[in-house]
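Let's take a walk through this structure together, from a contact between two of its parts out to the overall fold. Have your viewer ready.

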Number of protein chains: 2
Amino acid sequence: MTRTRIDTVMDTVRRQIASRTWVPGTRLPSVRAQARTLGCSVSTVVEAYERLAADNVITARPGAGFYVCGPAAPLALAELGPPVDREIDPLWVSRQSLEAGDGLLKPGCGWLPADWMYEDGMRRALRSVARADAAVLADYATPQGLPAMRQWLARRLGGLDIEAPPEQILLTESGTQAVDLIGRFLLEPGDTVLVDDPCYFNFHALLRAHRVQVVGVPYTPRGPDVAAFEAALQAHRPRLYLTNAGLHNPTGAALSSVTAHRLLQLAERAGLVIVEDDIFADFETQPAPRLAAFDGLARVISIGSFSKTVSASLRCGYIAARPDWIAGLTDLKIATSFGGGHLATAVLHSALTGSGYRRHLDSVRLRLAQAMAQTITRLRPLGIEPWTVPTAGLFLWCRLPGGHDAADVARACLRDGVVLAPGNAFSLTQGASAFLRFNVAQSADERLFESLRRALAR
Amino acid sequence: MTRTRIDTVMDTVRRQIASRTWVPGTRLPSVRAQARTLGCSVSTVVEAYERLAADNVITARPGAGFYVCGPAAPLALAELGPPVDREIDPLWVSRQSLEAGDGLLKPGCGWLPADWMYEDGMRRALRSVARADAAVLADYATPQGLPAMRQWLARRLGGLDIEAPPEQILLTESGTQAVDLIGRFLLEPGDTVLVDDPCYFNFHALLRAHRVQVVGVPYTPRGPDVAAFEAALQAHRPRLYLTNAGLHNPTGAALSSVTAHRLLQLAERAGLVIVEDDIFADFETQPAPRLAAFDGLARVISIGSFSKTVSASLRCGYIAARPDWIAGLTDLKIATSFGGGHLATAVLHSALTGSGYRRHLDSVRLRLAQAMAQTITRLRPLGIEPWTVPTAGLFLWCRLPGGHDAADVARACLRDGVVLAPGNAFSLTQGASAFLRFNVAQSADERLFESLRRALAR
């Protein structure tokens with residue numbers, strides 16, 4: 001019985017409690033079951049439980065096992081989940097990027113520069129809504145949200161081969177709120193959720209707030225690794241798989257048809273629900289296959305927003321799902337955020353239906369393709385190579401040369417006023433320490449490459 | 001051992017499971033403890049547990065007691081909580097009012113008619129923001145939200161004697177989201193929360209989504225009944241008390257200084273956190289005392305929004321709280337809704353800081369006072385009497401004559417195209433069946449009084 005093994009068991013229990021997977025009053029697994037799960041001896045677990053009890057973290061009830069002590073401290077997202085570098089936790093990139101002042105470069109952030117966005121369209125839409133009926137300016141939205149916007153979305157989803165009538169669409173305050181509502185509707189604390197490894201870092205932070213176990217499946221340039229996906233289904237019996245539709249964040253890769261078909265077969269057999277976040281749809285030049293299209297919104301839920309292509313300042317997302325789920329999600333939306341953003345939806349709808357949006361997208365896609373090529377060309381002399389060359393979008397997932405740690409590089413560059421996105425912020429297994437995600441639309445400034453050169457020369 | 005008692009125990013267990021107070025895997029209280037809690041015999045509980053086990057609702061683990069079976073069905077808010085009339089559940093008023101078409105009268109809804117709202121100010125604000133910097137139109141907000149808006153709020157709260165520097169203010173998507181974030185931050189499933197009885201109906205729906213026990217404290221014309229409040233603290237050891245600041249919804253009453261002082265003393269002794277929803281602040285002519293002012297934001301959290309006086313179409317709320325709580329709540333906001341409504345906040349700030357808002361409020365307060373007097377005068381001949389005459393605001397909480405049931409009256413009037421708010425939608429104990437809440441700003445149409453007259457003549 002080594003000191004290290006006891007510590008491991010204690011850390012595991014502490015983490016389950018900190019993440020509120022085990023809430024106060026929960027009975028811990030028996031000593032025998034815990035030893036089996038963690039692959040250690042019974043005596044190691046006994047010793048760990050005793051020490052935790054001495055520390056008032058858990059309490060022994062004679063003859064009935066060990067229970068989590070209560071009440072807990074307020075939920076602290078930053079301290080939850082697997083042990084990650086404290087400075088580079090899943091909230092790190094959000095905090096740095098959202099707080100960044102004007103002088104900073106943000107190649108690590110997940111959005112276009114403001115002057116690449118649909119600025120003219122937004123100005124026109126605001127002026128147009130300034131002349132709208134009083135009800136648009138003053139009243140709550142209907143529970144499911146503006147019918148005209150849902151009709152527009154139904155047509156757009158139809159273009160991706162996803163059949164979703166307006167009645168099967170619920171407008172939300174944002175894409176993030178869409179995932180959050182689905183989690184509250186379908187998940188129990190302690191459920192398991194599959195995500196891609198790597199995946200959008202905020203999925204980790206969001207799922208922690210739901211107190212679920214998160215399991216990563218390695219991502220390949222054609223979608224998740226199907227064999228690993230199947231093994232994860234068998235080992236963990238997950239309730240949900242949360243992924244991107246189309247262009248994947250952070251890699252820029254996309255699902256192939258064969259992967260999509262096999263994933264769905266596995267999901268059907270396992271009773272798995274899939275949430276497909278279609279937030280980057282409008283960057284695609286050729287749409288990748290959608291799981292929601294193959295599945296017909298039976299077990300796949302399609303969500304999205306327009307934060308990446310119209311405006312991130314204006315909040316409006318959507319959920320397309322089975323009718324019975326939409327009914328339950330609508331009740332939950334009213335209970336937890338009431339009326340929804342009527343005005344934001346009206347401005348968005350006006351912007352999307354103006355004649356300029358298609359032209360805006362054509363121009364953005366062209367600029368992104370050029371920026372992608374230039375960023376690759378400028379990173380190459382530094383020995384920074386793309387893991388795959390995306391067909392479109394704003395992300396480039398790159399490997400650093402010579403064993404450099406991306407977190408160290410990110411810290412060094414932050415001192416130069418450059419906010420990077422280190423790989424492990426996206427990786428549950430912390431297996432992406434050699435990677436950085438570049439936003440090609442935010443990577444034009446020579447100071448970025450100078451800062452990287454200095455950081456890599458150390 | 002009668003059939004009825006066994007059914008009662010079974011219903012209680014089923015409700016705890018449906019509301020997810022007990023999630024799959026939870027150990028049920030022992031037979032003896034349950035018998036004590038429900039005041040029935042041990043053999044009644046044994047029989048109830050056995051029948052629930054036969055129904056696969058719970059499962060017996062020999063020697064270890066009974067456990068909730070899993071996995072559960074998706075969370076269904078409408079089916080949760082205490083048994084209420086299915087048509088008049090806490091979501092009833094929201095659904096009817098939010099869905100109501102143009103032809104309907106809505107004296108039961110909780111907002112001003114669109115043409116009473118700050119329409120001119122909104123049009124001016126939209127035109128002004130249409131000329132703003134690209135960053136305002138396109139970028140995410142900073143994590144805590146627009147500094148200028150938080151500075152404005154700090155001054156406004158200062159006017160109510162609440163000391164809240166901008167660093168202690170977090171902007172949210174709405175007042176409802178403010179309560180929701182606080183619940184996710186401070187509450188555990190199974191915790192107890194006190195509310196007023198009656199209280200804003202959506203507090204019930206919202207708290208159900210948090211899987212907490214809700215206990216009502218009778219409300220008096222000077223605030224909650226202090227003796228009942230003290231008894232509830234002792235009996236239930238609640239974590240939180242959720243109430244209105246200033247004008248109370250649905251009664252229009254307000255807290256007296258002596259009640260505020262005594263409540264705070266009790267809260268301090270019991271370690272209770274108080275959330276004070278200040279959504280009706282701008283309707284007051286003379287501000288009532290605020291718990292947050294007495295307490296200095298130590299254990300009181302002040303929240304609010306501008307949905308009632310500027311626009312409900314534009315979503316923006318706030319939380320003022322202890323600095324460490326604001327830090328944790330900010331992380332949780334980013335994780336669950338990301339950037340926040342930058343554009344909505346900019347429009348709101350522009351509307352509030354324009355010269356017209358004070359004049360708008362003066363005019364609304366005058367119209368409300370006139371409408372209040374008229375509504376009282378027109379209800380009196382029907383035998384409908386106010387429980388208290390509010391000093392300001394839009395609500396009038398009225399008792400029906402002669403044993404009429406408000407739910408029956410609401411159903412009858414709905415057939416005439418009149419959406420009423422029956423008392424039990426606001427009452428946890430279902431003790432308000434003789435009451436209706438009238439929104440005096442939506443009660444000018446003669447058809448309302450005709451419909452009431454017919455309904456009461458039955």
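A polar contact here is a pair of N or O atoms within 3.5 Å; within protein, one of the two must be able to donate a hydrogen and the other to accept it, and residues adjacent in sequence count only if both atoms are side-chain atoms. Keep that in mind as we go, and note that what you are looking at is a predicted model.

Start with the layout. Chain A is split into domain 1 (3–73), domain 2 (86–110 + 358–457) and domain 3 (119–353). Let's focus on how domain 2 and domain 3 of chain A meet. Their centres, taken over C-alpha atoms, lie 25 Å apart. At the boundary, 27 residues of domain 2 of chain A are in contact with 28 residues of domain 3 of chain A.

The size of an interface is often given as the accessible area lost when the parts come together. Between domain 2 and domain 3 of chain A, about 2,300 Å² is buried, and carbon and sulfur atoms give 64% of that area. Between these two domains of chain A there are 8 residue pairs in polar contact, both residues at pLDDT 80 or more, while the salt bridge count is 0.

Which elements build the domain 2 side of chain A that touches domain 3? Helix H4 (92–99), helix H15 (356–379) and strand E12 (395–399) of chain A each supply at least two residues. H15(A) gives the most, with 6 residues. By type, the residues of this side of domain 2 of chain A are 16 nonpolar, 8 polar and 3 charged.

Now zoom out. Chain A holds 17 helices and 14 strands. Its radius of gyration is 23 Å, close to the 23 Å that the globule rule gives for 458 residues, so chain A is as compact as a globular protein of that length. Along its principal axes, the C-alpha trace of chain A spans about 70 × 55 × 40 Å.

Technical notes. Residues numbered from 1 in each chain as written. Chains lettered and ligands numbered in written order. Heavy atoms only, no water. Domains from an automatic or database assignment. Contact = heavy atoms within 4.5 Å. Buried area = accessible area lost by both parts, 1.4 Å probe. Salt bridge = Lys/Arg side-chain N within 4 Å of Asp/Glu carboxyl O. Helix = DSSP H or I, 4+ residues; strand = E, 2+ residues; numbered from the N terminus. Nonpolar A, V, L, I, M, F, W, Y, C, P; charged D, E, K, R; others polar. Rg over C-alpha atoms; globule rule 2.2 N^0.38 Å.
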